[in-house]
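Subject: Structure handover

Hi,

Here is the structure for you to look over. My notes on it follow below.

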Amino acid sequence: MPLDERIITEAIVDGYFAKFKSSLELDVAIVGGGPSGLTAARLLAKEGFNVALFERKLSLGGGMWGGGMTYNIIVVQEESAHLLTDVGIPVARYKDNYFTADAVAATTTLASAACLAGVKVFNCMSVEDVVLREVNGIKRVTGIVINSSPVEMAGLHVDPVVLGSKFLIEATGHATEVLHTLVRKNDVKLGTPSGGIEGEQSMWADVAETNTVKNTREIFPGLYVAGMAANASFGSYRMGPIFGGMLLSGEKVAADIAAKLRG
């Protein structure tokens, strides 16, 4: 049958902006499409919450694609393996408490599972700021300020737009981009020992994996940290190409926020 290029364009525009318009008031906005962000997004969407995930790059997955040093196998510990197998990712026991999975299979399946659960993904989209409001005399994050990543990369002077959100998850990894902007632009204190971003320490996988989950929490009213961003915020260590803590962090932040949304 003949094709009309204009109709193809119309279908893309109608579909995209229907998704965008349905994200103007979100239950949860997630910044960063790595393993913790994807896991949190999927679990929250499965409960029926309005969830959108914003990823600066074209592809999702963060550092999971490359495994370790581009050797595309990832390692997870036993207590986190269910977060892979639950979505159909094959895992293999390597030694007691050590399981492996194909990095590409894991990344693509986590992303697909999130989308199929109802998460609205906006890739090539940068979160350049947050919205602050005083709620009962307390400053709180109530939304995000977004712009097109190509606009940001080109350095064009184009104003962003705003989406509302009841909760925001910072899952940008080592960079903690949202927190850096919040602290730099506003006279606020975070829920860390110094009130600021403590910074990431060097490699110590055993401690880092435990602390990734421990540090997953609300760091500022309305704003949670998850994954490597949690460790960088609270001054813990990096863990390298083991991803169980990231997955468990996504599970924890989803449960904590879901409990608050349910009231």
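Arginine 238 is partly exposed, because its relative accessibility is 35% (buried is under 20% relative accessible area, exposed over 50%, partly exposed in between; 1.4 Å probe, protein chains only). This is a predicted model, with residues numbered from 1 along each chain as its sequence is written. Local features need pLDDT of at least 70, side-chain atom pairs count only at pLDDT 80 or more, totals for chains, interfaces and linings use all residues, and side-chain values use heavy atoms, with hydrogens and water left out.

Arginine 238 sits in strand S13 (residues 237-238). Strands (E, at least two residues) and helices (H or I, at least four) are DSSP runs, numbered from the N terminus. Serine 202 is 36 residues from arginine 238 in sequence, yet their C-alpha atoms are 5.7 Å apart. Leaving out residues up to four places away in sequence, arginine 238 also touches His174, Trp204 and Met228, among others (contact: heavy atoms within 4.5 Å).

Now the cores. The largest nonpolar core has 46 residues (a set of buried Ala, Val, Leu, Ile, Met, Phe, Trp, Tyr and Cys residues joined through side-chain atoms within 4.5 Å). Leu44, Val51, Ile74 and Ile169 have the most contacts inside it. Helix H9 (residues 244-262) gives the largest share, 7 residues. Another core lies apart from it, with 27 residues, including Met125 and Leu223. Beyond four places in sequence, leucine 44 contacts Val28, Phe49, Val51, Ile169, Ala254, Ile257 and Ala258.

Best wishes
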